[in-house]
Amino acid sequence: MSRPDPTAARQFAIEVVGRLRTAGFEALFAGGCVRDELLGNVPKDYDVATSATPEQIQEVFGRRQTLAIGASFGVITVLGGNRAGQIDVATFRQDAGYSDGRHPDAVRFTTAEQDALRRDFTINGLFWDPAERRVIDFVGGQEDLRRGILRAIGDPRQRISEDKLRMLRAVRFAARFDFQIDAATLAAIQAQARELPIVSAERIAAEMRHILTHASRARGVMLLYEAGLLEVALPEAAILQPELGIGAAEARLAWERTLRILQRLDRPTFAMALAALLRKIELLQPGMPRRLFDRWKLSTDEFEAVAKFLREELPIRQAKLMPWPELQRILIAPRVEELLGYCTAVAEECEDGMAEIDFCRAKLALPADAINPRPLITGEDLKRLGFSPGPGFRDLLEAVRDAQLEGRIATTEEALDLVKEQWPAR
Ligand code: ATP
Ligand code: MG
C-alpha cells in the first residue's frame, strides 16, 4: 500500500469529524496528531475521538467503509481510500484498573475530559476541534508543549505503575522532541525502572527501535541511562558506565565515544544503530547480537546484520590492506550500504580519515563485471573433471575464485589448468 498523502489524510479526518457531528455526536482530533500539528510537524496519522459508541460509528460510516478489529476497546477504523489512508475513530473512554502493569482490565465509555485524563503525557492529551479551529486542553498540555516538558498526566507514580511501557514512551517522546522530562515523572520512572520486564519483549524492542533510529538517538540513550532503564533493557551496557565496568576513565571515554558514534550515524537502520551501541560492549563481552536476538526477539535477518557489521568493521576500516578476494566478498554482499554507513560514523569518530571508505566506494562504483566478474568455472566443470560434490568441493571453487579475483588467472582454460595442477582428481 502506498503511503497516504498528508493533505488528503487531514482532509479526510476533517470529513470524518464532520459526519459524526452531523449525526449528533461530539468528535475531535486527538492525541499525537494534535501535538504534532501544534509543534509544526506533519502528523504520521490522524486519530479521532468521539462520543459515539463503536456501533454508532459503524452506523454513521456503514460496514463497507469500516473495520471493527479494535471494537472491543472502542476503536473503529474508517477507510478513506488510497490517498487519504485510514483513520482510527475511538470512543471517549476511561480505563478501569490495571492489575498486570501493562493493560487496562476493562474500558468504560465516557466523556472527552475523562478520555484526556487516561492518556499518558500532557502533550499527548490534547484535542483539536477542526470546525472551530480550537485546542481543547484538560491537562495543561499546551503549556508543556510551549515549555518543552514531558510530564505524566495526573500522579506520575500511579500512571507509570499502571503501564510500565510508559517509561520507554517517556524517553522516546522526550528525545524525539528534545524535551525535558519533568522531575516528578523522571523520579517515578527511576523508582519503577526495574519493573520494565513486565512489558513484552516485542514492545520493548519496538520502543528501542524508535529511539535508536531517530535522529535524537544519542540523547535517547542518555535518557535511558538517566532513567535507570538502560541497565534493565541492556544490562551489559553497565560495563561502559563509569561507576561499574572497566576502569573509570576508560569507561567514560568508551561511553562518550559510543554516544558520539550513535549520533554521527546518518539515517541508520535499527541494525546499524545497534551495532554502534554494542561495538565496545561486544569487545568486552562477545556474543551481544545473539543475546539481544533472544531477549528482544529480533528477526534472524536483523541479528545477522548486527553481527556482520561488528565483524566487518575492521576489514572496512583497513580496506586497502585487505586481500582483494576477501574485501570483494564483503563488498558484494547484501547490506553493504549499511555497513559502509556504520563504518563511516566509526571512522569519523576514531579520526581514521575517509580514505579506506572512499576506497570501498570507488570499488563499488566499478561496473558490475569488474567488481564481480562471472566465475571462470562452475561446479559442473569440476564434475566433468571427475570431482564429486561433497566437502571440499566448495573450497575448491572458492580457491579458483580467489585466483580469478587476484588476477592470477583470466580464462576458463587457465582455471581448469589450475585445478588439474593443484588438485589431481580421483
Ligand atoms: P506517534 O507519533 O509515535 O504515533 P502518538 O502520540 O500518536 O505518537 P500512539 O502510540 O500512536 O502515539 O498513541 C496515540 C495516543 O494514544 C497517544 O497520543 C496517547 O494519547 C494515547 N496512548 C498511547 N499509548 C498509551 C499508553 N500506553 N498509555 C496511555 N495513553 C496512551
Ligand atoms: Mg500515533
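Which residues does Trp324 touch, not counting residues up to four places away in sequence? They are Leu331, Lys363, Ile371 and Leu405, where contact means heavy atoms within 4.5 Å.

This is a predicted model, in which local features need pLDDT of at least 70, side-chain atom pairs count only at pLDDT 80 or more, and totals for chains, interfaces and linings use all residues. Residues are numbered from 1 along each chain as its sequence is written, chains are lettered from A and ligands numbered from 1 in the order in which they are written, and side-chain values use heavy atoms, with hydrogens and water left out.

**Sheet and helices**

- Seven strands form an open sheet with mixed pairing, in the order β3-β4-β5-β2-β1-β8-β9; helices (H or I, at least four residues) and strands (E, at least two) are DSSP runs, numbered from the N terminus.
- Two strands pair if DSSP finds at least two bridges between them, and the edge strands β3 (66-67) and β9 (134-136) each pair on one side only.
- Strand β8 (residues 127-129) runs antiparallel to β9 and is joined to it by 3 bridges; the partner of Trp128 in β9 is Val135.
- Helix α1 (residues 6-22) packs on the sheet, where it touches β1 (27-30), β2 (47-50), β4 (75-79), β5 (86-91) and β8.
- The direction of α1 makes about 150° with that of β1; axes are lines fitted to C-alpha atoms, for helices over the stretch in contact, and angles run from 0 to 180 degrees between N-to-C directions.
- Helix α3 (residues 54-61) lies across β2, β3, β4 and β5, and runs at about 15° to β4.

**Ligand 1**

- Ligand 1 is surrounded by 14 residues, the closest being Arg35, Asn124, Asp163, Arg166 and Arg176; a residue is near if one of its heavy atoms lies within 4 Å.
- Polar contacts are pairs of N or O atoms within 3.5 Å.
- An oxygen atom of ligand 1 lies 2.8 Å from a polar side-chain atom of Lys44, and a polar side-chain atom of Arg169 lies 2.9 Å from an oxygen atom of the ligand.
- For Arg166, a polar side-chain atom is 2.8 Å from a nitrogen atom of ligand 1.
- Of the 590 Å² of accessible area that ligand 1 has on its own, the protein covers 79% (Shrake-Rupley method, 1.4 Å probe).

**Cysteines**

- The whole structure contains 0 disulfides, defined as pairs of cysteine sulfur atoms within 2.5 Å.
- Cys350 is in no disulfide, and its nearest cysteine sulfur, in Cys343, is 10 Å away.
- The sulfur of Cys360 is too far for a bond, because the closest cysteine sulfur, in Cys343, is 7.9 Å away.

**Trp324**

- Trp324 lies in helix α17 (residues 324-331).
- Its C-alpha atom is separated by 6.7 Å from that of Glu406, 82 residues apart along the chain.

Terms used: A polar contact is a pair of N or O atoms within 3.5 Å; within protein, one must be able to donate a hydrogen and the other to accept it, and residues adjacent in sequence count only if both atoms are side-chain atoms.
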